[in-house]
Amino acid sequence: MSDPLTDGHNMAVLGATQTGKTSFARELHAETPRVSIWVNERGKKRVPNIAGTEARSLEGVKRAFARDEWRVNYLPADRNAAIPKLQGWLWEVAARTDRELPVQVVVDEVDRVAPQSGKEYGNLPARDAVRDFTSEGVKRNVKFVGITQDPATYDKQALGNSRYRAVWDMSAERRKAVRNYGFDWREVEAAEQYAGVLHHMRGEVLRTVKAAARYA
Ligand SMILES: Nc1ncnc2c1ncn2[C@@H]1O[C@H](COP(=O)(O)OP(=O)(O)OP(=O)(O)O)[C@@H](O)[C@H]1O
Ligand SMILES: [Mg+2]
């Protein structure tokens, strides 16, 4: 069986603040055998200690690839503008490489770029790009990892497209928002500190996941 942490299927990382989500993803980004791009933010919201070459533009990401630097801490000026462009370029890369380059894209606080928009079908290019990542990335060998504290505010389609869901503790009202996803809250509560429970989209519990302390 393929490994949920490294295969090409998407993962949603869900849980309350300070539960260990970012640390888990920081390790995944640093250790995965895939090419991995963490789409970070500049300034106060920047996630610290992300492995890899720093790139401040898509050109910088391309330069890193050209130098065989396969782990990138991408710090675009505007994440919402950067994500559709990154997606378009990665689709080109997939076409050029016959989809043989295993890629991972990590987006923390993903609800800020892919908000649940309800009945507004307005022009949300970043959300649409996240939908494309989650619906068409798998066949291009592009794994998308989206992290959020509040699954009710993350685009439902993108969340629903994720084969794997790593779940940490969350409040009663947020649990309610994901009641149809079949999460096993007893397993989540029983997990040790900082550990999340990895679920398959069918609701099946796969294993617990937890960052090594050096990534925390
Ligand atoms: N495996 C771990 N071992 C030790 N400490 C950990 C571990 N995972 C997380 N921590 C600590 O817990 C705190 C929260 O971790 P982290 O930032 O990963 O949480 P988070 O779920 O991303 O929170 P937020 O939603 O607020 O961003 C940090 O201080 C981190 O150092
Ligand atoms: Mg975090």
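Helix 3 and helix 4 cross in a left-handed way. Bear in mind as you look that this is a predicted model. The two helices, residues 79-96 and residues 125-136, pack at an angle of about 35 degrees, and their axes lie 8 Å apart. On the helix 3 side, the contact is made by N80, I83, P84 and Q87, which meet P125, A126, A129, V130, D132 and F133 of helix 4. By type, the residues of this contact are seven nonpolar, two polar and one charged.

Nine strands make an open sheet with mixed pairing, and their order is 3-4-2-5-6-1-7-8-9. Strand 3 (53-55) and strand 9 (205-209) are the edge strands; each has a single partner strand, so one side of each has no neighbour in the sheet. From one strand to the next, the twist averages 20 degrees.

Inside the sheet, strand 2 (residues 35-39) and strand 4 (residues 71-74) run parallel and are joined by four bridges. One bridge to look for pairs V39 with Y74 in strand 4.

| Helix | Strands | Direction |
|---|---|---|
| Helix 1 (residues 21-31) | touches strands 1, 2, 5, 6, 7, 8 and 9 | about 160 degrees with strand 6 |
| Helix 3 | lies across strands 2, 5 and 6 | about 165 degrees to strand 2 |

Finally, have a look at ligand 1. Around ligand 1 there are 14 residues, of which G20, K21, T22, S23 and A216 come nearest. This shell is made up of four nonpolar, eight polar and two charged residues.

Definitions and conventions: Residues numbered from 1 in each chain as written. Chains lettered and ligands numbered in written order. Predicted model: local features only at pLDDT ≥ 70, side-chain atom pairs only at ≥ 80, totals over all residues. Near = placed C-beta within 6 Å. Nonpolar A, V, L, I, M, F, W, Y, C, P; charged D, E, K, R; others polar. Axes fitted to C-alpha atoms, helices over the stretch in contact; angles between N-to-C directions. Left-handed = near helix turned anticlockwise from the far one by under 90°. Contact = placed C-beta atoms within 7 Å. Pairing = 2+ DSSP bridges.
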